Amino acid sequence: MTVPLTLPRLRTLFNLPWLMLVVGIVFVISQTALALTLVPLGEPEILFRVQLLFTNAADYQAQFSAWEADGVLGAYQAHLILDALHPVWYATFATCVLAVLFSRRGASAAWDRLLPLPMLSGLLDVLENGMQAMFLNHPAALTDGLVFMSWLCSVGKWGLVLVYVVAALYWMPPRRH
């Protein structure tokens, strides 16, 4: 007999401070490795532009050409390899943070609706990374339609991250009765 994965069960499964600590450490190591890999590409602003402002193939073609001319396109390719597991770490960490906070602060079950958001943002990140890897490895796939889908995944990911980070910040301070 299988037990359905309900929102209260999700809270129970991820309400594990030890898991939050372990995955939090792995997340920080992964984030640091990604940041160091991306240093050759220049200012972080460039990557935010790629993720949040590139909505057509010409934008990617121009950026990839610029990185290739500067000899740093390999850093972007390497980042995609490291980023393959990164969504697992941040999604698990964020889900644990929410579950622990909701449980310790006595949040009502209505808040449990936010628990799947980190996993959904991680899934959108995986889709976005997959499309960007395809853009690099199969230039014919670099079409305006797929670029727009990649952009939607990125905007969706960051929108969800904003929602659950704000929720975590709301529940961090002890609630006074």
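User: What are the ground rules for the residue numbers and the values?
Analyst: Residues are numbered from 1 along each chain as its sequence is written, and side-chain values use heavy atoms, with hydrogens and water left out. This is a predicted model, in which local features need pLDDT of at least 70 and side-chain atom pairs count only at pLDDT 80 or more, while totals for chains, interfaces and linings use all residues.

User: How many helices and strands are there in the protein chain?
Analyst: The protein chain has 8 helices and 0 strands. Helices are DSSP runs of H or I with at least four residues, strands are runs of E with at least two, and both are numbered from the N terminus. The pattern along the sequence is α-α-α-α-α-α-α-α. Along its principal axes, the C-alpha trace spans about 60 × 35 × 30 Å.

User: Why is Leu124 called buried?
Analyst: Buried means under 20% relative accessible area, exposed means over 50%, and partly exposed lies in between (1.4 Å probe, protein chains only). Leu124 has a relative accessible area of 17%, so Leu124 is buried. This residue is found in helix H7. Of the 177 residues of the protein chain, 40% count as buried.

User: Which residues is Leu124 in contact with, leaving aside its neighbours within four places in sequence?
Analyst: Leu124 is in contact with Cys153, Gly156, Lys157 and Leu160, where contact means heavy atoms within 4.5 Å. The C-alpha atoms of Leu124 and Ser154 are separated by 6.9 Å, and these two residues are 30 apart along the chain. Among contacts in the protein chain between residues at least 6 apart in sequence, 80% join residues at least 24 apart.

User: Why is Gln61 called partly exposed?
Analyst: The relative accessible area of Gln61 is 41%, so this residue is partly exposed. Gln61 lies in helix H4 (residues 57-69). Its C-alpha atom is separated by 8.8 Å from that of Pro139, 78 residues apart along the chain.

User: At what angle do the axes of helix H2 and helix H6 cross?
Analyst: The axes of H2 (residues 17-38) and H6 (residues 86-104) cross at roughly 145° and come within 8 Å. Axes are lines fitted to C-alpha atoms, for helices over the stretch in contact, and angles run from 0 to 180 degrees between N-to-C directions.

User: What is the hand of the crossing where H2 passes H6?
Analyst: H2 passes H6 in a left-handed crossing. A crossing is left-handed if the near helix is turned anticlockwise from the far one by less than a right angle, and right-handed if clockwise.

User: What makes up the contact of H2 with H6, by class?
Analyst: The contact has 13 nonpolar, 5 polar and 1 charged residues. Ala, Val, Leu, Ile, Met, Phe, Trp, Tyr, Cys and Pro count as nonpolar, Asp, Glu, Lys and Arg as charged, and the others, Gly among them, as polar. Residues of H2 in this contact include Val23 and Leu34, and those of H6 include Phe93 and Arg104.

User: What makes a space a cavity or a pocket?
Analyst: On a 1 Å grid over the protein atoms alone, a cavity is a set of points where a 1.4 Å probe fits but cannot get out. A pocket is an open set with protein on both sides within 12 Å along at least five of seven lines, and lining residues have an atom within 4 Å of a point. Grid points are joined across faces, edges and corners, and a volume is the space filled by probe spheres set on the points.

User: What is the volume of the largest pocket?
Analyst: The largest pocket has a volume of about 790 Å³. Of its 29 lining residues, Phe27, Gln31, His86, Tyr90 and Trp158 are the closest to its centre. H8 gives the most to this lining, with 7 residues.
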